[in-house]
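Colleague: I'd like to go through this model with you, beginning with the folds of the chains and moving on to how they meet. Could you put it up and take me through it?

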Number of protein chains: 2
Amino acid sequence: MSDLAEKVLHGEVLSTARLIRDLDDGIDGAIAELKILYPHTGKAEIIGITGAPGAGKSTLVNRLIENFRSRGKRVGVIAVDPTSPFSGGAVLGDRIRMQNHFNDPGVFIRSVATRGHLGGLSSSAYEIIKVLDAFGSDVILVETVGVGQDEVEIAGAAHTSVVVLTPGMGDEIQNLKAGILEIADVLVVNKADREGAQVTVQGLRRLLEMGGFDRKGWKPPICLTVGTDGTGIPELVQAVDQHREFWNRQKAQPGFENKRREEDFLRILQGQAISKLIVSLRRSGSLDEIVSRLVRGESDPYSESEKVLKLGD
Amino acid sequence: MSDLAEKVLHGEVLSTARLIRDLDDGIDGAIAELKILYPHTGKAEIIGITGAPGAGKSTLVNRLIENFRSRGKRVGVIAVDPTSPFSGGAVLGDRIRMQNHFNDPGVFIRSVATRGHLGGLSSSAYEIIKVLDAFGSDVILVETVGVGQDEVEIAGAAHTSVVVLTPGMGDEIQNLKAGILEIADVLVVNKADREGAQVTVQGLRRLLEMGGFDRKGWKPPICLTVGTDGTGIPELVQAVDQHREFWNRQKAQPGFENKRREEDFLRILQGQAISKLIVSLRRSGSLDEIVSRLVRGESDPYSESEKVLKLGD
């Protein structure tokens, strides 16, 4: 067995950090290590925490770390979020609060930078989840920002998706309907000591009652929290635990695990396929020729793409 | 020439709506029409409007439509945003305001639903931009939500990216640095009649002065607007016009147009490549076999993906 993968499986922090960095940098051989680790994954509970910037996600993540640590669980944290204090781009107070965890060997924190196009922000987050899983994390918290595609993707990998909102969103709550509510397993109204918290809760309740969100019998609970003083955290943890139990029952259903494996495989296949295509098109000079034809108006990108893919048959 | 493509080129609304629907539904033949339209694209000015839910993007889009219409320009609007009133998921007041434009033949409004994984939310937005361009829109406004990957992608297709913020973001402004500011050509502080607008402007100015955002001599201007009463809209329009002029000068630089064409081609190639792969894997039954091996722990998705791609050589 590879030395590096073996060290990760033995819970060595420095080797784990190195493998993650190698994956991030696309170093040759990092995927080979991941292949060795793969059979040792699938044990960790993956919890996604998502919401707009300023919703207090990192403070809640901080509280969840404390809670899981107090129960003796090893915690991995992945911040797929350029605005997270875990990524270092934080306001000072947050940074200091997180430092407790940086010195705890039971907590492994890693931030993932925003990527450019073609490849996607979250692609390396999936691999890091696997490394932290094989490393021995009992719980992996994945913090993502916003109401975009990345969150929906991460929701597919997470056992439980926690969506964090804040009071005073008024009418805007309505607008959330089509978006992030569809992926929420647990809803949190954070900063619940602020004016308008109950209005937000009522708005969410009405939305949930309108239906469309019932997934195989699970009704997303709404938790009121104040991340900064810890109010409501036990209830949040309980909601997450209950969803994990629900999820475990689902997992026993036929086809459930297959769907997750298929999604993971197709994501990896997509990434490898396009990398391979681009490398070969660049090497042969075909890409430059195609672009020249497009700029000169002699062709269109759909026909050019079809030609490339037929050649690859 | 195809009847449908010809009708789009003649500015027929119903045919244009049909082609867009066909593209959305993945109807055979829709791409063939796009190939015909492609040489007639590249004339429209594409403006991206992005920001968090509740920032007032749709109200600004509404004002921009009014402004462009008053100058006799034909306007296309694409809402890549489940929370947009253009998508129908709106609060009542917004919906009524937008209805003026729905009855104006010089305005073509189309919303794009959020897509599932593998394919991406914005993929069909690119094709709809091309259709509206060939249809004869002088300006195409693309409204996107959030601080995610989709916005960064759309920014690559837009001539000008307008990022909409609101007052009272305080410290959170700092956190935006690594994210959305990098794609902003024009910054808007909307709802500028609210408390804290100047603080937000100062925060943005400090960030811009810290550097890292200077792109070939363009410094993003900061516009203060009140979308609901129209305050600041002429200044916003002026800033967008100035960026368009800057962009036109850049366009004359060697390599500039090539890069845009290459990105568009690679995006299309990626989509076609993965669709083709998945269809062939499903048809042959290989996908089920692969997933079974993964579930039984006999293999890993990286090796399986490599095997598939080698077979396709």
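Modeller: A word on terms before we start: helices, of at least four residues, and strands, of at least two, are DSSP runs that are numbered from the N terminus. With that in mind, Lys191(A) sits in the loop that runs between strand E6 (186-189) and helix H9 (197-209) of chain A. Please remember throughout that this is a predicted model.

Colleague: Stepping back a bit, how many helices and strands does chain A have?

Modeller: The secondary structure of chain A comes to 13 helices and seven strands. Of its 313 residues, 47% count as buried, and when one takes the contacts in chain A between residues at least 6 apart in sequence, 75% of them join residues at least 24 apart.

Colleague: What about the nonpolar core, and which residues have the most contacts inside the largest one?

Modeller: The largest nonpolar core has 124 residues, and those with the most contacts inside it are Val188(A) and Val188(B). If residues up to four places away in sequence are left out, Val188(B) touches Leu60(B), Val162(B), Val163(B), Val164(B), Leu165(B), Cys223(B), Thr225(B) and Leu236(B). Another core, of 20 residues, lies apart from that one, and among its members are Leu269(A), Leu287(A), Ile290(A) and Val291(B).

Colleague: Let's turn to the helices, then. At what angle do H11(A) and H11(B) cross?

Modeller: The axes of H11(A) and H11(B) come within 10 Å and cross at roughly 130 degrees, so these two helices are oblique to each other. The crossing of H11(A) and H11(B) is right-handed.

Colleague: Which residues make that contact?

Modeller: From H11(A) come Leu266(A), Leu269(A), Gln270(A), Ala273(A), Ile274(A), Leu277(A) and Ile278(A), and from H11(B) come Leu266(B), Leu269(B), Gln270(B), Ala273(B), Ile274(B), Leu277(B) and Ile278(B). By class, the residues in the contact of H11(A) with H11(B) divide into 12 nonpolar, two polar and no charged.

Colleague: And how does H12 of chain A pack with H11 of chain B?

Modeller: Helix H12 (residues 286-295) of chain A and helix H11 (residues 256-283) of chain B have their axes 9 Å apart and pack at an angle of about 110 degrees, and H12(A) and H11(B) are therefore roughly perpendicular to each other. On the H12(A) side the contact involves Leu287(A), Ile290(A), Val291(A), Leu294(A) and Val295(A), which meet Glu257(B), Asn258(B), Arg261(B), Glu262(B) and Phe265(B) in H11(B). The contact of H12(A) with H11(B) has six nonpolar, one polar and three charged residues.

Colleague: One of those is a glutamate, so what does Glu262(B) touch?

Modeller: Glu262(B), which lies in helix H11 of chain B, is in contact with Leu287(A) and Val291(A), leaving aside its neighbours within four places in sequence. It is also buried, with 20 other C-beta atoms within 10 Å.

Colleague: Now the other pairing: how do the axes of H11 of chain A and H12 of chain B cross?

Modeller: The axes of helix H11 (residues 256-283) of chain A and helix H12 (residues 286-295) of chain B come within 9 Å and cross at roughly 110 degrees, so H11(A) and H12(B) are roughly perpendicular to each other.

Colleague: Last one from me: where is Gly232(B)?

Modeller: Gly232(B) is placed in the loop between strand E7 (222-224) and helix H10 (233-251) of chain B, where it counts as buried with 20 C-beta neighbours inside 10 Å. Not counting residues up to four places away in sequence, Gly232(B) touches Ala192(B), Cys223(B), Leu224(B), Thr225(B) and Val226(B).

Notes:
Residues are numbered from 1 along each chain as its sequence is written. Chains are lettered from A and ligands numbered from 1 in the order in which they are written. This is a predicted model: local features need pLDDT of at least 70, side-chain atom pairs count only at pLDDT 80 or more; totals for chains, interfaces and linings use all residues. Axes are lines fitted to C-alpha atoms, for helices over the stretch in contact, and angles run from 0 to 180 degrees between N-to-C directions. Angles under 35 degrees count as roughly parallel, over 145 as roughly antiparallel, 65 to 115 as roughly perpendicular and the rest as oblique. Two residues are in contact if their C-beta atoms, placed from the backbone, lie within 7 Å. Ala, Val, Leu, Ile, Met, Phe, Trp, Tyr, Cys and Pro count as nonpolar, Asp, Glu, Lys and Arg as charged, and the others, Gly among them, as polar. A nonpolar core is a set of buried Ala, Val, Leu, Ile, Met, Phe, Trp, Tyr and Cys residues joined through C-beta atoms within 7 Å. A residue is buried if 20 or more other C-beta atoms lie within 10 Å of its own, exposed if 12 or fewer, and partly exposed in between; C-beta atoms are placed from the backbone. A crossing is left-handed if the near helix is turned anticlockwise from the far one by less than a right angle, and right-handed if clockwise.
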